[in-house]
Amino acid sequence: MPSLDPPHGPKPDFSNWLRSLHAATILQSYGAFGLAAVAAGMFLMQQHDLKFHKLRALLSLLPSIQRLELITLRLTLVGFVLFTTGLVTGAQLPRPAGDAYLADPKVLWSALLWLVYLELIVARLFFGRSTRRFTLGVAITFVFLLLTFGITNHFSGLHNP
Amino acid sequence: MNVVVIGLSHRSSPVELRERFAFADEKIPGALAALRESGIASEAAILSTCNRVEIYTATPLAPETAFAELKKFLVAQHAFEGALGAELYALAEPHSLQHLFKVASGLDSMVIGETEIFGQLKDAYELARAHQHTGARLNKAFQRAFNTAKHIRTATNIQRGSVSVMSAAVELAEKIFSSLAEHEVLVIGAGETSEKTARALQSRGVKKITVTNRSPERAAALAAALGGRAVPFENWPEEFERVDIAISSTAAPQHILDRAKLEPLMKRRRNRPLLLIDIAVPRDIDPAVNALDNVYLYNVDDLQSIADDYLKLRKEEIARCEKIIAEKVAALLAANQFSTTDGHG
């Protein structure tokens with residue numbers, strides 16, 4: 001019943017390919033980080049159960065913890081590449097005159113998250129950080145990433161023109 | 001015609017008595033022939049394992065007469081002179097069939113849900129059938145028993161999980177490592193349990209095994225048996241850089257591996273997960289190493305309690321299995337073959 005449909009808002013602007021790329025890669029990176037956090041949560045539960053000799057570890061249908069850690073790492077890497085692409089394309093978009101890219105709260109928050117993920121990955125790959133601390137970091141960082149979605153977006157001038 | 005069973009098992013009698021009544025495989029066809037010639041049974045099969053000796057028959061006699069005759073036969077076959085009481089059980093339909101189905105499903109076994117008995121029962125049946133001592137009654141009963149056992153295996157958790165220390169260790173390894181084929185095992189101390197555990201790991205894909213022992217000869221012997229290599233006992237900590245699973249069972253009176261020793265080794269392993277299985281008593285590995293990241297230490301009690309927990313889970317499944325068996329036996333009795341009673345049923 002078309003008459004009952006809410007009225008359509010203005011058509012989204014797809015004319016700028018850079019803007020589409022920016023939005024798409026950023027959203028996909030959130031997806032990858034989210035899945036990484038889920039795998040990290042599974043890893044932490046399973047590792048705890050194995051360490052403390054819980055029968056639950058054997059009854060669960062989860063994959064081996066080695067595989068769960070690998071999944072977490074790979075998803076974090078994929079998310080990081082997408083997130084980097086999204087931030088770089090965002091920087092190329094036109095801004096109101098005089099506004100610095102990093103002065104925007106959402107951009108600044110995202111840049112901080114980017115640094116945190118960078119630290120997690122570098123420490124895991126090159127400095128032998130323990131799998132437990134890495135997965136714990138991935139799970140916690142995602143909670144902060146969700147804040148970008150809700151709170152900082154609200155205060156961002158660039159994203160609420 | 002009535003299916004009756006007479007026998008003795010680990011539930012009813014001690015091993016000293018069971019071994020007196022055991023049938024060697026080559027004696028079974030002769031015993032079955034004698035049983036049928038005597039007129040006690042028109043069909044018969046004998047199951048003889050270390051935990052039970054049972055004679056399954058389809059008999060034209062009334063159950064009570066058949067029981068007495070079968071008991072006489074059993075005693076005569078083995079020239080047994082002692083007294084027999086409750087050690088011997090005798091069951092008529094429908095209990096005989098329920099018993100057969102239970103035995104096939106492993107419900108009557110010492111380790112509930114084990115599958116070895118299924119193969120043994122199948123062999124016993126095939127032996128009787130090959131010598132044409134079974135007919136319509138027993139054929140149908142055994143076939144239904146095998147089908148029911150398979151159904152129970154898939155529909156319930158009666159066979160789930162590890163009920164031995166060795167298989168619990170293997171199951172743990174599979175929950176830690178993605179593929180056992182890529183991981184090396186170190187056996188410290190060439191004992192019987194460590195060999196069994198190593199073999200269990202091999203059966204699940206482990207390719208490389210290293211053995212070390214205080215006496216190099218025994219290390220070399222076990223390494224040869226397992227297709228691995230032996231290293232001198234003084235050098236085993238160096239192996240830790242490569243191995244991911246270590247099974248320890250030395251006779252050392254104190255810990256041979258403690259936190260101070262393992263911590264630098266873990267750094268060199270770049271924190272890859274390490275499964276330590278300590279089956280020695282007194283223990284070889286200081287329990288404090290479990291606090292290290294990526295180290296998973298299980299001693300023999302931990303593994304035993306996993307096996308016990310699994311056994312508890314299996315016991316909880318018994319009621320479900322018995323319900324299935326009761327239904328299947330009722331269906332079998334209702335089937336044409338069995339509805340034609342002949343005055344004894």
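A: Let's start in chain B, where helix α7(B) passes helix α8(B) in a right-handed crossing. Keep in mind as you look that this is a predicted model. To find the pair, look for α7 at residues 165–176 of chain B and α8 at residues 192–203 of chain B. Their axes come within 9 Å and cross at roughly 45 degrees. An angle under 35 degrees would count as roughly parallel, and roughly perpendicular begins at 65, so α7(B) and α8(B) are oblique to each other.

Now for the residues that touch. On the α7(B) side, the contact is made by Met166(B), Ala169(B), Val170(B) and Ala173(B). Facing them from α8(B) are Thr193(B), Lys196(B), Thr197(B), Ala200(B) and Leu201(B). Sort the contact by class and you get six nonpolar residues, two polar ones and one charged.

The largest nonpolar core has 58 residues, and the members touching the most other members are Phe21(B), Leu35(B), Ile55(B), Tyr56(B), Leu100(B) and Phe142(B). Helix α6 of chain B, residues 136–155, gives this core its largest share, seven residues. Ile55(B) is a handy one to click on: leaving aside neighbours within four places in sequence, Ile55(B) is in contact with Val4(B), Val5(B), Ile6(B), Leu35(B), Ala45(B), Ile46(B), Leu70(B), Phe73(B) and Leu74(B). There's also a second, separate core, made of 40 residues, with Leu172(B), Phe177(B), Val187(B) and Leu303(B) among them.

For another helix pair to set beside the one we began with, hop over to chain A. Here, α1 (residues 17–51) and α3 (residues 65–92) have axes that come within 7 Å and cross at roughly 160 degrees. Angles over 145 count as roughly antiparallel, so that's what α1(A) is to α3(A). This crossing of α1(A) and α3(A) is left-handed. By class, their contact has 22 nonpolar residues, 14 polar ones and one charged.

One last stop in chain A is Val116(A), which sits in helix α4, residues 105–126. Is Val116(A) buried, exposed or something in between? With a relative accessible area of 37%, Val116(A) is partly exposed. Along the sequence, Val116(A) and Phe33(A) are 83 residues apart, while in space their C-alpha atoms are 12 Å apart.

Conventions
Residues numbered from 1 in each chain as written. Chains lettered and ligands numbered in written order. Predicted model: local features only at pLDDT ≥ 70, side-chain atom pairs only at ≥ 80, totals over all residues. Heavy atoms only, no water. Axes fitted to C-alpha atoms, helices over the stretch in contact; angles between N-to-C directions. Helix = DSSP H or I, 4+ residues; strand = E, 2+ residues; numbered from the N terminus. Parallel < 35°, antiparallel > 145°, perpendicular 65-115°, else oblique. Left-handed = near helix turned anticlockwise from the far one by under 90°. Contact = heavy atoms within 4.5 Å. Nonpolar A, V, L, I, M, F, W, Y, C, P; charged D, E, K, R; others polar. Core = buried A, V, L, I, M, F, W, Y, C linked by side-chain atoms within 4.5 Å. Buried < 20%, exposed > 50% of the residue type's maximum accessible area, 1.4 Å probe, protein only.
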